[in-house]
Each structure stands twice: as C-alpha cells, then as structure tokens.
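Q: Please take a close look at a single part of the model shown here. Then set that part against the rest of the chain, and state the cut-off behind each term.

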Amino acid sequence: MLEESLSNGFAKLYLTGLRRFVKLLTNQLTWYGIPYEFKRLPSTACPQCGHELERSLGRVMICPICGFRADRDLVPIQWAMKIIHAP
Ligand SMILES: [Zn+2]
C-alpha cells in the first residue's frame, strides 16, 4: 500500500487521516442503519480464478492463468466487487 513509500512522519499522518475517515464513514453508516463489515482483502490473489498474481512493470499485477490484470492497489477492490455480487 501507499504507506510503504512514505517516511515515518508522513505514514503516521496518513494513518491518522485514514483512521479519522474510517470513523466518519462508520458513524455515517451506523446513523443511516447501513450494515458494514471490515475485511482484509487479498492483493496478490486473482479475483477471477484465485491463482497467485505475478507482479509486472510498476505496480501492475497479472494473472498467468486467466490474464486478469490490474494495478496492485485496485486488486482488493475487485475482490470486494466479487464478494458483493456473489449470491
Ligand atoms: Zn486469474
């Protein structure tokens, strides 16, 4: 994630902002009665076939089995979309 490339001070600042955002978001969700769940989603497994992704140039991840490709930061979002759309 983004924290890897940040210095210690900036990483702390970033995490404080992130925590504040999560608190705001969960307060809103609770207020409106919207159910939510915290989940750590994989960024190294293919969201289409489950095979381990290979790192390509830059931050692009590629699946050698099904050809799925996406930015490393976007892979967990693909997993979230898959979970939401699963019956
Ligand atoms: Zn795949």
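A: None of the 24 residues of helix H1 is buried, so H1 lies largely in the open. Here a residue is buried if 20 or more other C-beta atoms lie within 10 Å of its own, exposed if 12 or fewer, and partly exposed in between, with C-beta atoms placed from the backbone. Helices (H or I, at least four residues) and strands (E, at least two) are DSSP runs, numbered from the N terminus. This is a predicted model, in which local features need pLDDT of at least 70 and side-chain atom pairs count only at pLDDT 80 or more, while totals for chains, interfaces and linings use all residues. Residues are numbered from 1 along each chain as its sequence is written.

Just after H1, Gly33 adopts a positive phi of about 70 degrees. Glu37 then falls in the loop between H1 and E1. Glu37 is exposed, because 5 other C-beta atoms lie within 10 Å. Between the C-alpha atoms of Glu37 and Thr26, which are 11 residues apart along the chain, the separation is 9.8 Å.

As for the chain as a whole, the protein chain contains two helices and three strands, in the order α-β-β-β-α from the N terminus. The chain is divided into domain 1 (1–35) and domain 2 (39–87), with bounds that come from an automatic or database domain assignment. The centres of domain 1 and domain 2, taken over C-alpha atoms, are 22 Å apart. The protein chain has a radius of gyration of 16 Å, whereas a compact globule of 87 residues would have one near 12 Å; the radius is taken over C-alpha atoms, and the globule rule is 2.2 Å times the number of residues to the power 0.38. Along its principal axes, the C-alpha trace spans about 45 × 40 × 15 Å. Of the 87 residues in the chain, 8% are buried.

The strands form an open sheet in the order E1-E2-E3, with antiparallel pairing. Strand E1 (54–55) and strand E3 (69–71) are the edge strands, each pairing on one side only. Two strands pair if DSSP finds at least two bridges between them; strand E2 (residues 60–62) and E3 are joined by three. Met61 has Ala70 in E3 as its bridge partner.

Met61 also belongs to the largest nonpolar core, together with Cys46, Leu53, Cys63 and Val75. Such a core is a set of buried Ala, Val, Leu, Ile, Met, Phe, Trp, Tyr and Cys residues joined through C-beta atoms within 7 Å. Neighbours within four places in sequence aside, Val75 is in contact with Ser43, Pro47, Leu53, Met61 and Ala70, contact being defined as C-beta atoms, placed from the backbone, within 7 Å.

Phe68 lies in the loop between E2 and E3 and counts as partly exposed, with 17 C-beta neighbours inside 10 Å. Residues up to four places away in sequence not counted, Phe68 touches Cys46, Pro47, Gln48 and Cys63.

Methods. Two residues are in contact if their C-beta atoms, placed from the backbone, lie within 7 Å.
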